[in-house]
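Here are a few notes to read alongside the structure. They cover side-chain contacts, one point at a time.

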Amino acid sequence: MEINMPNIKKLSLYKTILKYSPIKLKYDLIAGLSVAAISLPQNMAYALIVGVEPVYGIYATIMSMILFTFVGSSNYMIVGPTNIMAMALVGSLNNISQGNYLEALFLITFLVGVCQLLFGILKLGRFVNYISHSLIVGLSTGAVIMIGVGQLQNFMGLSVEGGSTIYTRIYAVLANLHQLNWTTFSLGLFTVFVILITKKFRPKWPSYLIALIISTLLVYFFNLEDKINIIGQLPSGVIKFSLVNFDLSLIKTLFSKALSIAILGLIQTLAVTKSIAVETDEEVNANAEFIGQGLINMIGPYFNSFATAGSFAKSFANIQAGAQTKFAQFMAGLSVIIVVLAFKPVITYVPIVGLASLVIVVAFSSIKVPEIKKNLVTTRGDAIIFTVTFLATLLLPSIETAIYIGLIVSLAVILKKSEDINLSVLKYEDEENGKIIQQEVAELNEDHVRDKCVVLNIRGNLHFNSADNFKEKLNICYKNGDTFIIRLREIERMDITIIKELDNFITKVQEADGKVYLSGVNELQYKRLKKYGVIDKIKNKNVFLSKEKLFSATNDAYHDVMDGNV
C-alpha cells in the first residue's frame with residue numbers, strides 16, 4: 001500500500017495533536033508495532049555491547065521512544081540505543097570496576113545529555129556539519145568490526161576478558177577455543193542462518209525477531225537453559241526509577257569522554273535526519289534536535305536508560321511502515337511495554353547467544369564496502385581521514401581517542417586544502433568588446449609579450465593559513481614597473497593576515513614605480529581595507545567598487561589604466 005508522505009517542515013507537539021486524525025492513528029499504530037518488532041531484540045543486544053544485562057536495552061528503548069515524542073523535532077526519526085553509541089559507551093567505561101559500572105554508565109549518559117543540551121542552547125548545530133563524512137565512515141566501519149568481534153565470546157560460549165582493542169579481543173578468543181561450548185555455538189550458527197534465510201526470502205518480515213523467537217523456543221522445549229546462558233528472571237516492572245549518583249571525582253574522569261560521545265551521538269542523529277529529509281522533505285532544526293537529544297539523555301538515566309541517538313534502520317522502517325507523526329514512536333514504546341508484560345515468562349528463556357548472533361549479523365551487514373571504496377579513491381584527503389580514523393578505532397583502547405584523532409586529522413586536511421589560493425591572471429584578448437581569457441599564474445611569465453597592466457583574479461575564502469601561498473603567487477606575478485589590477489569580487493572572506501600580505505605587495509610594487517588598483521571591491525571589503533590603511537596607500541580614485549554586472553568594475557579599471565586616465 002502506498003502512503004503519500006506529507007511535506008512537513010516542523011510541527012510542534014501541540015500542532016501535531018490538533019491535526020491528528022483516525023487515519024494517522026492507524027498508520028502510526030502499524031508503524032509503531034513494526035518498529036517495536038525490530039527495536040526490542042536489537043536494543044537488548046546493544047545492552048550486551050554496553051556490558052550490562054539485556055533488560056537495560058528494554059529500559060532504554062521505552063524511555064527514549066516515549067521521551068522523544070515530547071521533546072524531539074522530527075516526525076519520523078526513531079531514537080534509541082545504537083551500535084555506535086553502545087561501542088562508545090563501553091570503550092569509555094573500560095577502566096571502571098564492575099561494582100561501579102552501572103553508576104558510571106548512568107552518570108556518563110547524563111553528562112552526554114548536558115553537553116548536547118548546551119550545544120543546542122549555544123546554537124552550535126552548524127559546526128557538526130563541518131565534520132568530514134570520511135571520519136564518520138571510518139569510525140562506524142571500525143566500530144562495527146569491533147562490535148562483531150566483541151560478541152564472538154558470547155557466540156562461542158566462552159568466558160574470557162576480551163580487552164579493548166581488536167588484537168586483544170581476537171587473541172583472547174583464540175587462546176580460549178578449548179573452552180568452546182558446542183551447544184551455544186550450534187545455536188548461534190542456527191540463529192544466524194534463520195536471520196539470513198528470512199532476509200533473503202521474506203525481506204519484509206522482522207527477521208531478527210523471528211530468529212530470536214525460534215532460538216528461545218528451542219531453549220524452552222529442549223531444556224537448554226542449564227547448558228547455555230539465558231537472560232533469566234526479569235525485574236517486576238518495565239519502568240524503574242533510580243537516582244543518578246553525581247560523584248565529583250567520577251564526573252572529572254568521565255566528562256571528556258562524555259563530550260566525545262555527545263558529539264558522536266549528534267553526528268549520527270543529524271546524519272539520520274538528513275537521510276530522512278531526502279525521503280520526506282522534512283526539515284529539522286539541528287539546534288532544536290540537540291536540545292531534544294540532550295533532554296532524553298539527561299532524563300533517561302533516572303529510568304535506567306543509557307545514551308541513545310537517532311537510528312538509521314529503525315527510522316527508515318518507521319517511514320516504510322507509513323508513519324505519519326511522532327506518535328508512531330510513542331506507539332512503538334507502548335508496544336514494547338505491552339509485549340514485555342505479556343510475554344515476560346517467555347523472555348526469560350531468550351538465549352544470550354541469540355542476541356550475540358543478532359549483533360554479529362547487524363554489525364557485519366553495516367559494513368558498506370562501496371562507501372569505503374569511494375572514501376579511499378575519491379581524494380587523497382578523504383582517504384587519509386578514513387584510514388587514520390578506521391585504524392585508530394580498531395587499535396586504540398578508547399573510541400573517544402579515535403574520535404578526537406579523526407577530528408584533528410580532518411582539521412589538518414581541511415587546512416591543507418585551504419592553503420592553496422585560487423589566483424589566476426585575466427588577459428584581455430579583445431579589449432574593445434571586453435573579451436577575457438583566464439591563465440594560470442605560471443603562464444604569465446612564459447608570454448613573449450607581457451602586458452604592462454596585469455589583471456589578477458582572486459577567489460574563495462582567504463585565511464591566515466593560506467598567507468604564504470598568497471605571497472608566493474603574488475611574487476610569481478611581480479615584475480618591476482608593472483601596473484596591477486587586483487580583482488576582489490569573488491573573495492568570500494579575507495582576514496587580517498591576507499590583508500597584510502596584500503599591503504606588502506602594494507608597497508613592493510609602488511617602490512618599483514609600479515601601480516596597484518583594486519576592482520570589484522564590496523562595501524565590507526572597502527571598510528576593512530580602509531581601516532588597515534590600504535585604501536589610503538593606493539588612493540581612493542584607484543579603487544573600483546563592485547557593480548551588478550560581472551567584470552564591469554574590472555573593465556572600467558582596465559580601460560582607465562590603458563587610456564592613462566587614472
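1. Is Lys537 buried, exposed or partly exposed? Lys537 counts as partly exposed, at 27% relative accessibility (buried means under 20% relative accessible area, exposed over 50%, partly exposed in between, with a 1.4 Å probe and protein chains only).

2. Before going on, bear in mind that this is a predicted model, where local features need pLDDT of at least 70, side-chain atom pairs count only at pLDDT 80 or more, and totals for chains, interfaces and linings use all residues. Residues are numbered from 1 along each chain as its sequence is written, and side-chain values use heavy atoms, leaving out hydrogens and water.

3. Back to Lys537: its salt-bridge partner is Asp503, with the closest N and O atoms 3.0 Å apart (a salt bridge is a side-chain nitrogen of Lys or Arg within 4 Å of a carboxyl oxygen of Asp or Glu). This pair links distant parts of the chain, 34 residues apart, with Lys537 in helix 25 (residues 534-538) and Asp503 in helix 23 (residues 496-511). Helices here are DSSP runs (H or I, at least four residues), numbered from the N terminus. Asp503 is buried, at 11%.

4. The structure holds six salt bridges. Another one joins Lys527 and Glu523, 3.6 Å from N to O. These two sit four residues apart in helix 24 (residues 523-532), so about one helical turn separates them. Glu523 is exposed at 60%, while Lys527 is partly exposed at 46%.

5. Asp556 and Lys547 also meet in a salt bridge, at 2.5 Å from N to O. Asp556 is partly exposed at 29%, and Lys547 is partly exposed at 40%. Then there's a network: Arg459, Arg487 and Glu490 are joined by salt bridges that share partners.

6. Arg487 turns up again with its charged end over the ring of Phe551, 4.0 Å from the centre (NZ of Lys or CZ of Arg must be within 6 Å of the ring centre and within 35 degrees of the ring normal).

7. Now the rings: Phe, Tyr and Trp (its six-membered ring) pair if their centres lie within 6.5 Å, and planes under 30 degrees apart count as stacked, over 60 as edge-to-face and the rest as tilted. The count comes to 15 aromatic pairs. One of them is Phe110 with Phe246, edge-to-face at 4.9 Å centre to centre and 75° between the planes. Phe110 lies in helix 5 (residues 101-121) and Phe246 in the loop between helix 11 (207-221) and helix 12 (248-280), so the pair ties together parts 136 residues apart in sequence.
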